[in-house]
Amino acid sequence: MKGTVYKSTGSWYTVKTREGETYDCRIKGKFRIQGIKSTNPVAVGDEVSFMLEDAGDETFGIITEIEDRKNYIIRKSVNLSKQTHIIAANLDQVFLVVTLNNPKTYTNFIDRFLATSEAYDVPAVLLFNKVDVYDPEELGEIKYLAALYRDIGYTCIGISAKTGKNVDKVREMMKGKTSMFAGHSGVGKSTLINYIAPDLALKTAEISAQHMQGQHTTTFAEMFDLEDDIRIIDTPGIKGFGLVDMEKEEIGDYFPEFFELKEHCKFNNCLHLDEPHCAVKEALDNDELAWSRYKSYVAMVTGEEDTHRQDNYQGV
């Protein structure tokens, strides 16, 4: 039998067949030793083959094969004994939900997420949430950031998951597609999904006043089917975003505005750090590129791992 993984709880997987039937499945032990260094060899969105087994009165599935993924979003796992964690697979797009404060989404985190989505071929859209609560100065900051990322080529939408501002635009972009929502805990992913699909009634939680960070309300990634052939994946809040399997020589290729200039650098293996006649450094000096992006890039190339709490554009 074949189906799509709709939920992963670490040891059990909910698989939905093309006929719309769902089965609780486990994986065969051999997946765990086939050199997969991921905490989750099977991810939400995976297309799998499985066979049914009976245990007493219960019937459950055994996943026997994972089909090749067209793409996926991956990050370094917090579980250090394993290398990586695949958040979701076979995506048409990912929406990164960003908030200016309560909690704060730092530019370094945004840039790491975007570089990963470029590397694994997942189109990314930035949603600047909570525009209903910002004062004029904060709205100005949001507009500045949105303009910065629009210039690079990313779609940016200012939204309010609470009032519904521009949520119709987001839903329109989701028709006929599999979309994932990602971001820190507390940025409003579940509130946004509830506005788009009230029937789901996902749990939401207040921001922790002590730490100005969100409380985890989603513990496992899960996919839901909506009208208009929409598939929506809700994911747990992400704190940091460690890079996976990226050589420092290729990181610049996942910054589209740097990649565009690369051919004009004197050296074809230019890292855009201290090399002479570097087109990226020249563009920076001429204010043609954003310094915040460059600082994120340098942090990634030099291996500064825990820098997601940095706002690179402040004070530049």
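Student: How many residues sit between S12 and S13 in the hairpin?
Tutor: Three residues lie between them. This is a predicted model. In that turn, Asp228 has a positive phi of about 65°.

Student: In which sense do S12 and S13 pair?
Tutor: Antiparallel, over five bridges. Asp225 stands opposite Arg231 of S13.

Student: And S11 with S13, parallel or antiparallel?
Tutor: Strand S11, residues 178-182, pairs with S13 in the parallel sense, over four bridges. Ser179 has Ile232 in S13 as its bridge partner.

Student: Why is S13 described as largely enclosed by the rest of the structure?
Tutor: Five of the five residues of S13 (residues 230-234) are buried, so the strand is largely enclosed. Buried here means under 20% relative accessible area.

Student: Which residues are on each side of S13?
Tutor: Ile230, Ile232 and Asp234 are on one side, with Arg231 and Ile233 on the other. In a regular strand, side chains alternate between the two faces of the sheet.

Student: Switching to H1. How many of its residues are buried?
Tutor: 11 of its 13 residues are buried. Among them are Phe109, Ile110, Phe113 and Leu114, and also Asp111 and Arg112.

Student: What do the buried ones pack against?
Tutor: Strands S6, S8, S9 and S11, and helices H2 and H8.

Student: What span should H1 have, at 1.5 Å a residue?
Tutor: The 13 residues, 107-119, should span 18 Å, and the end C-alpha atoms are 18 Å apart, which agrees.

Student: What comes just after H1?
Tutor: Asp121, which takes a positive phi of about 65°.

Conventions: Residues are numbered from 1 along each chain as its sequence is written. This is a predicted model: local features need pLDDT of at least 70, side-chain atom pairs count only at pLDDT 80 or more; totals for chains, interfaces and linings use all residues. Side-chain values use heavy atoms; hydrogens and water are left out. Buried means under 20% relative accessible area, exposed over 50%, partly exposed in between (1.4 Å probe, protein chains only). Helices (H or I, at least four residues) and strands (E, at least two) are DSSP runs, numbered from the N terminus. Two strands pair if DSSP finds at least two bridges between them. The expected span of a helix is 1.5 Å times one less than its number of residues. Contact means heavy atoms within 4.5 Å.
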